[in-house]
Amino acid sequence: MKTRSLTKRANSMSESDTKGFLEKKKLVLPELGPVVELKSDSFVLSIYRDLASDSAIDNFLKTSHLYSLSERRWKLPRDYSKLIDANVYTPFRYIISSVVKHFWRDASRECSREVVDTHATALPHSSEDPPTHTSIPSLVIKAKGSSFQLPYRGVAGLTAKIGFMNIAACIEIQVKDNELPVLDQLAQAAIYARQIFLHQPNRRFVRVLGIIEHDMRLFHFDRSGAQYTPLLNFDDNPRTFVRLILGLSSPNEADLGLDTSIQWKVENGRKIGGTLTTKNAEGQEKVYPLVNVDPFFSRSQIYGRATTCWAVSDPASGEILVVKDTWRLDDRIAEYVHLQDAVGVPGVAQMISCEPDRGHIKDLRLSASGGPACPENRIETRIVMKYYAHSIVQFKSARQLLCALRDAIAGHRNLVKRGTLHRDVSPQNVLLGNPGAEPGERGILIDFDVATRCDETGFHPPVDWRVGIPLFQSTQLLYSADPEEPQTEIAHDHVDDLESFFYILTYIIYTYDSHGTAYPMDALLTRWKSLAGLHAAESKGVYLTAKRYVPATIARRWPEAALDVFRGFRLFIGDLFQDRMPAKYMKPEELTAMLTEMASKVDQHYDEILQLFDTGIDTLEKADRDSAAANVPPTDPGSSSVQLSLC
């Protein structure tokens, strides 16, 4: 294939188009994952054979005025160089439309498909992207059906006719000798695919068809990365061309890569309700009404777990529940295994049912002869869990904050005793208990996607800086990111997670007041957030071991009892930090001895921390009771005369 560099192609693109493509390419490539170049055309020649037989396609070709049987070619221009830009797209739209109309003529209006020329239409990107980002595919397959809806124009109540919410597939057309290099073709297709994933939350995979005059190439995107086929001449392979069009426009949403266990009711082009069907351990189906038509949480990256969480209601009791869909690596322990161990454990998310194996990426992929089609297989898992309140950062009082963090730490302890280590402790994974929750359930630890089980030696895998959010990572995890540091593998243990709990409290003390009002991030946290690896670890280490004061502007926002808990927690973690500092320089046998000693003190560590929290909670509760008895409001932490608070 003849290609030119992007700078050469810029001669036919405006400067703003070139800049926009580079910006979007920079955004999409880091989340693309492994890319597989298929060397053989065997798969693309065999794909979608169940959608139309050879005889059905041959009959269509015989009657089509857009295909020449005698010349064995589609009636497309032989020379594109003399065509004005718009005419590059029009002939293809006619041909592709004729295929769609012929084979899907019996499809109902509710699941109709239409080929639309969008080469001059800017389709807005998701709100997660910069507001200036749009895409202009050459052609799209516009779709109606349960999974599709009219997109908003960006003005309340107004909708547009076409957008990524109602697109089944994109088709990108280029002219030979002016086409993008193949990796930029991949990037362009990935930009479209990412938007389809973002706008259609039940997507399992996305396929994009690339056309360069008389050649075609298929791009496939899923949660394990991307694939693309070699170029194939569609004049020489008219049946394959027809089948690819049928696969990208099929009325059967499963053919398009949509999860049909989620169904929506659509009125006037917009989703107004829906259901989610799952199975229990006995394989019995249960249908849950959706509380909202959109998930309340979803990850935007193409590659990865693609965690998507839905709020549903139990059809019998009306209780609000959470359904969590993820794609886990097949060599990882599934989250549901940890949640099964956690059934009945206070302070930990409670699972109701699960579908451990809803499908494999390797079964969705284009097969590859002579190489692996799927270097990283992922398994789709669905878990139904109890619904809890919001993130811990939405607390409304110092007592609620301490109660929530205390019960989550206690839940963490119970799982550690059962051999499970969370490894991703952060504010988004500690939730407030439901209103009126009993002690033990006032804070809930969730999200065990990266949790591990201890091995036969009693240890967990080594610390890994790629696990968790850096701002809340322990110093040992941060040290592991530095290639210059000694490479002795240090097992991730309960102390690392306890240190992460401390950073949650630090983050909240420094960025909120005791009533949950947010403040600009303090210089300390800004520094931690900006640093990485060794530098971040050293900064945290200094904070843990040096005598530091909470700035007066921060201290006056909190009652003394909460600051006492914070100070005690810091001293506790600081002592453990100093005990573990030599670990990265130890010989393996010395390290094993140190970790064994730490493990033997699990109960001692948790007892000390929980007692610290219990004392603070008791003090705050007594203050509330005294205030209520005196019929006066609780003491305003801002009225304290203390200017500096030793931490």
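# A guided tour: cavities, sheets and helix pairs

Start inside the protein, where the largest cavity has a volume of about 120 Å³. You are looking at a predicted model, in which local features need pLDDT of at least 70 and side-chain atom pairs count only at pLDDT 80 or more, while totals for chains, interfaces and linings use all residues. Residues are numbered from 1 along each chain as its sequence is written, and side-chain values use heavy atoms, with hydrogens and water left out.

**Stop 1: the largest cavity**

A cavity here is a set of points, on a 1 Å grid over the protein atoms alone, where a 1.4 Å probe fits but cannot get out. Lining residues have an atom within 4 Å of a point. Grid points are joined across faces, edges and corners, and the volume is the space filled by probe spheres set on the points.

Strands are DSSP runs of E with at least two residues, helices are runs of H or I with at least four, and both are numbered from the N terminus. Which strand gives the most to the lining? That is β18, with 3 residues.

Colouring by class, the lining of the largest cavity shows 5 nonpolar, 3 polar and 6 charged residues. Here Ala, Val, Leu, Ile, Met, Phe, Trp, Tyr, Cys and Pro count as nonpolar, Asp, Glu, Lys and Arg as charged, and the others, Gly among them, as polar.

**Stop 2: the sheet around β17 and β18**

Now show the whole open sheet, whose 5 strands follow the order β16-β17-β18-β20-β19 with antiparallel pairing. Two strands pair if DSSP finds at least two bridges between them. At the edges are β16 (297-298) and β19 (351-355), each with a single partner strand, so one side of each has no neighbour in the sheet. Zoom in on β16 and β17, which pair in the antiparallel sense over 2 bridges. Pick S298 and you will find T308 as its bridge partner in β17.

**Stop 3: a hairpin and its sheet**

Next, select strand β13 (residues 262-267) and strand β14 (residues 270-279), which run antiparallel and are joined by 6 bridges. They form a hairpin with 2 residues between them, and N268 in the turn has a positive phi of about 55°. Across the pair, E267 stands opposite R270, and W264 stands opposite G274.

**Stop 4: helix pairs**

Axes are lines fitted to C-alpha atoms, for helices over the stretch in contact, and angles run from 0 to 180 degrees between N-to-C directions. Angles under 35 degrees count as roughly parallel, over 145 as roughly antiparallel, 65 to 115 as roughly perpendicular and the rest as oblique. Contact means heavy atoms within 4.5 Å.

Begin with helix α4 (residues 54-63) and helix α7 (residues 238-249), whose axes come within 10 Å and cross at roughly 100°. The two are therefore roughly perpendicular. Show D54, I57, D58, F60 and L61 of α4 with P238, R239, V242 and R243 of α7 to see the contact. It has 5 nonpolar, no polar and 4 charged residues.

Move on to helix α12 (residues 494-511) and helix α14 (residues 533-545), packed at an angle of about 80° with their axes 13 Å apart. That makes α12 roughly perpendicular to α14. Residues making this contact include F502 and Y503 of α12 and Y543 of α14.

Finish with helix α16 (residues 560-580) and helix α18 (residues 602-629), which pack at about 170° with their axes 8 Å apart. That makes α16 roughly antiparallel to α18. Among the residues that meet are F569 and F572 in α16 and I609 and F613 in α18. By class, this contact has 9 nonpolar, 4 polar and 2 charged residues.

Key. 1 Å grid on protein atoms, 1.4 Å probe; cavity = no way out; pocket = protein on both sides within 12 Å on 5 of 7 lines; lining within 4 Å.
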